[in-house]
Amino acid sequence: MILPIYTYGQPVLKKETEEIDKDYPQLKELIDNMFETMEKSDGVGLAAPQVGLSIRLVVIGLDCLSDEHPEYKDFNKAFINPYIEEYGTETDGYEEGCLSFPGIHEKVVRPTKVRVSYLDQDFNEHDEWIDGFLARVIQHEVDHLDQTCFVDRLSPLRKQMVKGKLKNLHDGKFYCDYKVKPLKK
Ligand code: NI
């Protein structure tokens, strides 16, 4: 089932998230729905607050990059209760977008490597260093669990440049070709 994506201005994007356990109701169904929602909107990642849920759950799908990055062939992974434990010292900049911010694409500087702890879908514990494109996507998604959106990471100047677009998103004055739940219609 495709879920509507909450867009900029929706309070849930700025609400504290809670960890989940095995008893979370219909977790498998929720994860399947999040994957379906992400794929239908051509996203590479989706965090639970973007579908209105204040829980620490993220899905990432990188198969669409597998032509250039064969290591991401069939990469579809749910991360439960993920945390960035450590950051590498090197950084780089890359243009990011976000399904909750249709029409906005901006360069964001982030560490190229991160150590992440999380549970997989079978609730096995992991703690590993991640690099490459996945490191960027997971930082973007875990940010969502910590009430941070990619525009919060822009320089004051760039933030000023997207102010008008943000206002339009906030006011529901935008178009996108996937199902959304804006603050105002
Ligand atoms: Ni996002």
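A residue counts as buried under 20% relative accessible area, as exposed over 50% and as partly exposed in between, using a 1.4 Å probe and protein chains only. The model is predicted, so local features need pLDDT of at least 70 and side-chain atom pairs pLDDT 80 or more, while totals for chains, interfaces and linings use all residues. Residues are numbered from 1 along each chain as its sequence is written, and side-chain values use heavy atoms, with hydrogens and water left out.

**Exercise 1. The nickel site**

Task: State which protein atoms are the donors of the nickel ion, and whether Cys98 is buried or exposed.

Solution.
Step 1. Donors are N, O and S atoms within 2.8 Å of the metal (3.2 Å for Na, K and Ca); water is not among the atoms, so sites may look incomplete.
Step 2. SG of Cys98, NE2 of His140 and NE2 of His144 meet this rule, lying 2.1 to 2.2 Å from the nickel ion.
Step 3. The spacing of these donor residues in sequence is C-x41-H-x3-H.
Step 4. Helices (H or I, at least four residues) and strands (E, at least two) are DSSP runs, numbered from the N terminus. Cys98 sits in the loop between E5 and E6 and His144 in helix H2, so the pair ties together parts 46 residues apart in sequence.
Step 5. Cys98 has a relative accessible area of 10% and is therefore buried. His144, at 2% relative accessibility, is buried too.

**Exercise 2. The largest pocket**

Task: Find which residues lie nearest the centre of the largest pocket and which element gives the most to its lining.

Solution.
Step 1. On a 1 Å grid over the protein atoms alone, a pocket is an open set of points with protein on both sides within 12 Å along at least five of seven lines, and lining residues have an atom within 4 Å of a point.
Step 2. Grid points are joined across faces, edges and corners, and a volume is the space filled by probe spheres set on the points. For the largest pocket the volume is about 470 Å³.
Step 3. Its lining has 25 residues, and Gly43, Val44, Glu96, Gly97 and Cys98 lie nearest the centre.
Step 4. E5 and H2 are the elements that give two or more residues to this lining. H2 gives the most, with six residues.

**Exercise 3. An aromatic pair**

Task: Describe how Phe101 and Phe150 are paired and which parts of the chain they tie together.

Solution.
Step 1. Rings of Phe, Tyr and Trp (its six-membered ring) pair if their centres lie within 6.5 Å; planes under 30 degrees apart count as stacked, over 60 as edge-to-face and the rest as tilted. The count by this rule is five aromatic pairs.
Step 2. The Phe101 and Phe150 pair is edge-to-face, with 5.5 Å centre to centre and 90 degrees between the planes.
Step 3. Phe101 is in the loop between strand E5 (91–96) and strand E6 (106–111), and Phe150 in the loop between helix H2 (132–145) and helix H3 (156–161), so the pair ties together parts 49 residues apart in sequence.
Step 4. Both Phe101 and Phe150 are buried. Together with Tyr8, they form one aromatic cluster.

**Exercise 4. Backbone at Asp42**

Task: State what phi Asp42 has and in which loop Asp42 lies.

Solution.
Step 1. Most residues other than glycine have a negative phi.
Step 2. Asp42 is not a glycine, yet has a positive phi of about 60 degrees.
Step 3. Asp42 lies in the loop between helix H1 (27–40) and strand E2 (45–47). At 72% relative accessibility, Asp42 is exposed.

Note on methods: On a 1 Å grid over the protein atoms alone, a cavity is a set of points where a 1.4 Å probe fits but cannot get out, and a pocket is an open set with protein on both sides within 12 Å along at least five of seven lines; lining residues have an atom within 4 Å of a point.
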